[in-house]
Amino acid sequence: MEALKDIAPDLGNYIVEFAFDEIYAREGLSFKEREMITLASLLTAGGCEPQLEVHIQGALNVGIAPEKIIELFLQCILYTGFPRVLNAVYTAKKLFSLSRDVD
């Protein structure tokens, strides 16, 4: 949301209010399940690598192991094809290597 405050602060507010206050706050799914669904959805949509970065980090933050994230991406090959899965894997690789550098 910080990146939007200079150009479209209302958009950042809409995202937070709708996505996190209304959708993510619903009962019925754990945060891990929500992040896994979000990762699969973003991968399937294609062209969402910046959003994938945010949600891969979110998945790691809620305790989803890197290996599980990659396995989730591999499951999408049949339905979305190799290019979108490769884009997601490369996005994850970048984040995984950053988190190793911090550790």
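Reader: Which pattern does the chain follow, read along the sequence?
Author: Bear in mind that this is a predicted model. The chain has six helices and zero strands. Read along the sequence, that gives α-α-α-α-α-α.

Reader: What radius of gyration does the chain have, and what would a compact globule with 103 residues have?
Author: The C-alpha atoms fill a box of roughly 35 × 35 × 30 Å along the principal axes. For 103 residues, a compact globule would come out near 13 Å, and the chain agrees with that, at 14 Å.

Reader: What share of the 103 residues is buried?
Author: Buried here goes with a relative accessible area under 20%. By that cut-off, the buried part of the chain's 103 residues is 25%.

Reader: Of the contacts between residues at least 6 apart in sequence, what share joins residues at least 24 apart?
Author: Take the contacts in the chain that link residues at least 6 apart in sequence. The share of these joining residues at least 24 apart is 51%.

Reader: How do H2 and H3 run relative to each other, roughly parallel or roughly antiparallel?
Author: Helix H2 covers residues 31–45 and helix H3 covers residues 49–61, and they pack at an angle of about 160° with axes 10 Å apart. Angles over 145 degrees count as roughly antiparallel. So H2 and H3 are roughly antiparallel.

Reader: Is the crossing of H2 and H3 left-handed or right-handed, and which residues meet there?
Author: The H2–H3 crossing is left-handed. From H3 come Gln51, Leu52, His55, Ile56, Gly58 and Ala59, and they meet Glu35, Thr38, Leu39, Leu42 and Leu43 of H2. Sorted by class, the contact of H2 with H3 has six nonpolar, four polar and one charged residues.

Reader: Let's zoom in on His55. Which residues is His55 in contact with, leaving aside neighbours within four places in sequence?
Author: His55 is found in helix H3, and it is buried, with a relative accessible area of 14%. Leaving aside neighbours within four places in sequence, the contacts of His55 are Tyr24, Glu35, Thr38, Leu39 and Leu42.

Reader: And Thr38: which residues is Thr38 in contact with, on the same terms?
Author: Thr38 lies in helix H2 and is buried too, with a relative accessible area of 17%. Once neighbours within four places in sequence are left aside, Thr38 is in contact with Tyr24 and His55.

Reader: Which residues meet between H2 and H4, and how do they divide by class?
Author: On the H2 side sit Met36, Leu39, Ala40 and Leu43, and on the H4 side Lys68, Ile69, Leu72 and Phe73. The contact of H2 with H4 divides into seven nonpolar, no polar and one charged.

Reader: How do H3 and H4 pack, and which residues make the contact?
Author: H3 and H4 pack at about 135° with their axes 9 Å apart, and they are therefore oblique to each other. H3 passes H4 in a right-handed crossing. By name, the contact is Leu52, Ile56, Ala59 and Leu60 of H3 with Pro66, Ile69 and Phe73 of H4.

Reader: Where is Cys76 found, and which residues does Cys76 touch beyond four places away in sequence?
Author: Cys76 is found in the loop between H4 and helix H5 (77–80). At 10% relative accessibility, Cys76 counts as buried. Not counting residues up to four places away in sequence, Cys76 touches Ala40, Leu43, Gly81 and Val85.

Reader: How far apart in space are Val85 and Thr44, C-alpha to C-alpha?
Author: Val85 is found in helix H6 (residues 82–102) and is buried, with a relative accessible area of 4%. Its contacts, not counting residues up to four places away in sequence, include Leu43 and Cys76. Val85 and Thr44 are 41 residues apart in sequence, and in space their C-alpha atoms are 8.3 Å apart.

Conventions:
Residues are numbered from 1 along each chain as its sequence is written. This is a predicted model: local features need pLDDT of at least 70, side-chain atom pairs count only at pLDDT 80 or more; totals for chains, interfaces and linings use all residues. Side-chain values use heavy atoms; hydrogens and water are left out. Axes are lines fitted to C-alpha atoms, for helices over the stretch in contact, and angles run from 0 to 180 degrees between N-to-C directions. Helices (H or I, at least four residues) and strands (E, at least two) are DSSP runs, numbered from the N terminus. Angles under 35 degrees count as roughly parallel, over 145 as roughly antiparallel, 65 to 115 as roughly perpendicular and the rest as oblique. A crossing is left-handed if the near helix is turned anticlockwise from the far one by less than a right angle, and right-handed if clockwise. Contact means heavy atoms within 4.5 Å. Ala, Val, Leu, Ile, Met, Phe, Trp, Tyr, Cys and Pro count as nonpolar, Asp, Glu, Lys and Arg as charged, and the others, Gly among them, as polar. Buried means under 20% relative accessible area, exposed over 50%, partly exposed in between (1.4 Å probe, protein chains only). The radius of gyration is taken over C-alpha atoms; the globule rule is 2.2 Å times the number of residues to the power 0.38.
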